[in-house]
Amino acid sequence: MQSWRRKSLWLALLTSWLLVLLGLFPLFRLSVPTSPRAGAPQGWPHWLDAELLQSFAKPGELLEDGPRPPQVLRGGSCNWGACFDTSKCRGGGLKVFVYPAAGPVSETRRRILASVEGSRYHTLSAAEACLLLLLSPDTSTGECDPVPPQWDGGRNHLVLSLHPAPCPRTFQLGQAMVAEASPTVDTFRPGFDVALPLLPEAHPLRGGAPGQLRQHSPRPGVALLALAEDGGRWHVAGTDFSACPWDGRCEQDRGPKQTHPGATLPNATFCLIPGRGPDVLHFLQALQAGCIPVLLSPRWELPFSEVIDWTKAAIVADERLPLQVLTALQEMPLTRVLALRQQTQFLWDAYFSSVEKVIHTTLEIIQDRIFGPSAHPSLLWNSPPGAILALPTFSPSPSDFPFYHLQQGSRPLGRFSALIWGGAPGQPPLKLIQAVAGSQHCAQILVLWSSEKPPPTRWPKTAVPLTVIDGHRKVSDRFFPYSAISTDAILSLDAHSSLSTSEVDFAFVVWQSFPERMVGFLTWSHFWDEARGGWGYTAKRTNEFSMVLTSAAFYHRYYHTLFTHALPKALRTLADEAPTCVDVLMNFLVASVTKSPPIKVPYGMWHQEARPPPLEPGGPGLRQEPQPAAQNCINQMAAGFGHMPLVSSRFRLDPVLFKDPVSVLRKKYRSLEKP
C-alpha cells in the first residue's frame with residue numbers, strides 16, 4: 001500500500017513538473033529581447049512569440065502608422081570586416097586621399113582640407129591611398145558633388161560631414177563609412193561609422209581656446225545646474241530648481257541668469273541637456289566650460305563613442321525621472337565631481353577644441369581599426385595627453401610612454417643614453433665624454449657627427465660603449481628616433497657643452513621623478529612684446545623661465561618620435577634654417593603635450609665663464625642668447641601650433657643641503673658647489 005502511494009506521489013510530481021516546463025517555455029521566449037540592427041529602420045518590435053499571438057494588422061500597415069522622414073540608405077549589414085579592405089593598408093599604413101571639390105571651396109571645406117593635408121596620413125595619389133575621403137557639401141555652397149570616379153560601391157570610402165548637408169545625395173552610400181555630426185542612434189552603425197561633434201561655424205582650425213574651468217571643486221554659492229535652452233542660451237537655476245522642467249523653462253523664476261549665444265558658460269557644476277537634436281551644440285559648450293554634461297535620454301550618438309569612455313566625463317539620465325536625477329546630482333561626492341570636471345577639460349583640449357583635432361581623431365580611430373590588437377588601448381584614449389599624441393607606431397604598451405607612470409604607480413628605471421651633436425672642426429669633446437661616462441647612470445654615448453669632414457679616428461676610452469653615427473648638416477637630425485638609442489632617457493648635448501659628473505647624476509635623478517618633462521640647465525623665457533605686437537624670447541638671467549636649451553637637457557626618447565612623425569614638415573624646415581629655433585620647437589612640442597613647464601637644475605657659473613666664444617651660425621655649441629634673425633621663429637611656431645603652448649615657471653630643484661653651511665661630507669653631490 002505504501003509502495004503504491006509512493007509511486008502515485010512521484011507520478012504526480014513528474015506530471016506537475018512537465019506541465020510547469022511546458023507552460024513557462026513560451027514565457028522564457030517572451031523575456032528575451034531582440035537586439036536592433038545598426039542602421040536598420042526601427043519600426044514595431046519583432047516579437048519572438050509571433051506565432052502565439054493573433055495578428056490584427058498586416059506587417060506593411062504597421063510601418064506606415066505615421067509619417068517617417070526620409071533617411072539616407074546605408075548598408076545595414078556593413079561592418080568593418082565585410083565592407084573595408086584592409087589589405088590596401090598593409091604597405092604604408094593608413095594613407096588618405098581627398099577628392100577635389102567640384103565647385104567653389106567653402107571655409108568649412110578649406111579647414112577640413114588643411115587638417116587632412118597637415119596630417120601624416122595624407123597622400124596626393126588615389127592609387128596608393130588606403131582610404132578615399134569624400135567631403136559632404138556644406139550649407140554655404142548648397143551644391144551636391146557627383147559620384148566619385150573610384151566609388152566602387154563605396155568600399156574603402158569615408159563620407160565626412162561636420163554640418164548637416166543641405167541637399168540629399170544622388171547616390172547610395174553602399175559600403176562607405178559615414179562620419180557625420182551627431183548621428184541618430186537608429187542610423188548609426190557601431191564599429192563602422194564615426195560619430196562627430198556638432199561644431200559651430202566659427203570653430204578654429206587649429207589650437208583652439210582652452211578650457212574655461214578655473215576651479216575643479218565647486219565653490220559655495222555657485223549654481224548647481226545650468227539648463228540648455230533654444231538659440232544657444234543657458235539658464236542658470238539657483239539652489240531651488242524644483243520648478244524648472246527639462247525643457248529649460250522655469251515658471252517660478254527666482255532671479256535666474258541667462259547667457260547670450262557665444263557668451264561664456266555660467267559657472268555651474270552640471271549642465272542639463274535634453275536629448276533632442278537642436279540641443280546637441282550645447283554639449284561642446286558644456287565640455288569647454290568644465291560643466292558636467294547631464295544628457296537626458298539622448299537620441300543621438302555621443303561623439304567618438306567608439307574610443308572615448310563618456311562615463312568618466314558625462315552623465316546619461318532618464319528624462320522621465322526628474323526628481324531622482326536631481327537628488328542624485330545633489331548627493332554626488334565631491335571627489336566624483338572633481339574627476340568628472342577634470343575629464344571634461346582633458347577631452348575638450350585633446351579632441352574637440354579645433355577642427356584639426358576632430359579630423360585627426362577621426363583618422364586615428366580608423367587607423368586603430370586597421371592595426372587591430374596593436375592599436376591604442378583605452379588608457380591612451382582616456383588619459384592625458386590623448387591618443388593623438390600617443391603614436392601606436394612607437395609602442396602598444398602604455399608603460400613605454402612617459403605619461404602613464406603615475407596612473408600605473410611606476411617609475412622609469414634603468415639608465416640614460418648621452419647623444420652628443422658634434423661636427424665643428426677640432427678635437428672631439430674629450431672632457432665632456434669623460435664627465436658623462438663617469439656617471440653611474442650612463443648606459444652609452446652616441447656621437448652624432450654632422451660635418452662634411454670625416455670624424456676623428458681616435459676617441460677616448462670609456463667604461464660605456466661609444467658609437468659614432470653619421471648625420472647630416474640639418475640641426476633637426478639630432479631629434480631623429482635612432483634605433484641605436486637603447487634607453488628611455490636621453491641626455492642631449494652639444495660638443496661644446498660643459499658639465500660635471502655630479503650635475504649629470506643629479507639631473508637624471510630629477511628626470512626620473514618627472515619623465516614627461518624636460519630637465520635642463522640653461523633656460524630661456526618668452527614674453528609678449530607690445531612694441532612689435534608679437535612674441536619674443538630672451539636668455540637673460542631671471543627667476544622666471546619657460547624653455548631649457550637642448551644643448552644640455554634630459555628628456556624621454558619618445559619625443560624624438562613625435563618630433564619626426566607628428567610635427568609638420570614646415571616647422572622642422574624652419575628649425576633647420578635658424579639653429580636656435582630648434583630649441584624653441586622642441587620646447588613647444590613638449591609643452592603642448594604636457595601642459596607643464598620644464599624643470600631647471602643647478603648649473604655652475606664657472607662653466608659659462610670658461611666656455612669658448614660663440615661659433616659661426618649653424619654650428620653646434622652651447623647656445624645662450626638667441627640671434628636677432630631667429631627671434632621671429634617663435635611667432636611662426638605659435639601660428640603653426642595655433643596657440644602659445646609654453647608655460648612659465650619659477651621652480652628649480654636643488655639637492656638636499658645645497659649651499660647650506662654644513663660639512664661637505666654630509667652632502668651627496670659635493671662637486672656641485674665648486675669654490
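Me: What makes strand β16 (residues 519-520) and β20 a pair?
Reply: Two strands pair if DSSP finds at least two bridges between them. β16 and β20 are joined by two bridges in the antiparallel sense, so they meet that cut-off. Strands here are DSSP runs of E with at least two residues, helices are runs of H or I with at least four, and both are numbered from the N terminus.

Me: What kind of model is this, and how are its residues and atoms counted?
Reply: It is a predicted model, in which local features need pLDDT of at least 70 and side-chain atom pairs count only at pLDDT 80 or more, while totals for chains, interfaces and linings use all residues. Residues are numbered from 1 along each chain as its sequence is written, and side-chain values use heavy atoms, with hydrogens and water left out.

Me: Which other strand pairs with β20, and in what sense?
Reply: Strand β15 (residues 489-494) pairs with β20 in the antiparallel sense, over five bridges. In that pairing L493 stands opposite A552.

Me: Why is β20 called largely enclosed?
Reply: A residue is buried under 20% relative accessible area, exposed over 50%, and partly exposed in between (1.4 Å probe, protein chains only). Five of the five residues of β20 (residues 552-556) are buried, so the strand is largely enclosed by the rest of the structure. A552, F554 and H556 point one way and A553 and Y555 the other. In a regular strand the side chains alternate between the two faces of the sheet.

Me: How do you know that both faces of β9 are covered?
Reply: F270, L272 and P274 are buried on one side, and C271 and I273 are buried on the other. Five of the five residues of β9 (residues 270-274) are thus counted as buried. β9 runs parallel to β10 with five bridges, and C271 has P293 as its bridge partner there. Strand β6 (residues 225-228) also pairs with β9 in the parallel sense, over three bridges, with L225 opposite F270.

Me: What makes a set of residues a nonpolar core, and which residues have the most contacts inside the largest one?
Reply: A nonpolar core is a set of buried Ala, Val, Leu, Ile, Met, Phe, Trp, Tyr and Cys residues joined through side-chain atoms within 4.5 Å. The largest has 84 residues, and F416, V436, I445, F554 and F588 have the most contacts inside it. Helix α15 (residues 581-594) gives the most to this core, with ten residues. A second, separate core of 61 residues includes W80, L160, V280 and W300.

Me: Why is the link between D193 and R189 called a salt bridge?
Reply: The term needs a side-chain nitrogen of Lys or Arg within 4 Å of a carboxyl oxygen of Asp or Glu. The N to O distance between R189 and D193 is 2.9 Å, so the pair qualifies. D193 has a relative accessible area of 1% and is buried; R189, at 1% as well, is also buried.

Me: Are R110 and E107 buried or partly exposed?
Reply: R110, at 39% relative accessibility, counts as partly exposed, and E107, at 40%, is partly exposed too. Their side chains meet in a salt bridge at 2.4 Å, N to O. Both lie in helix α4 (residues 107-117), three residues apart.
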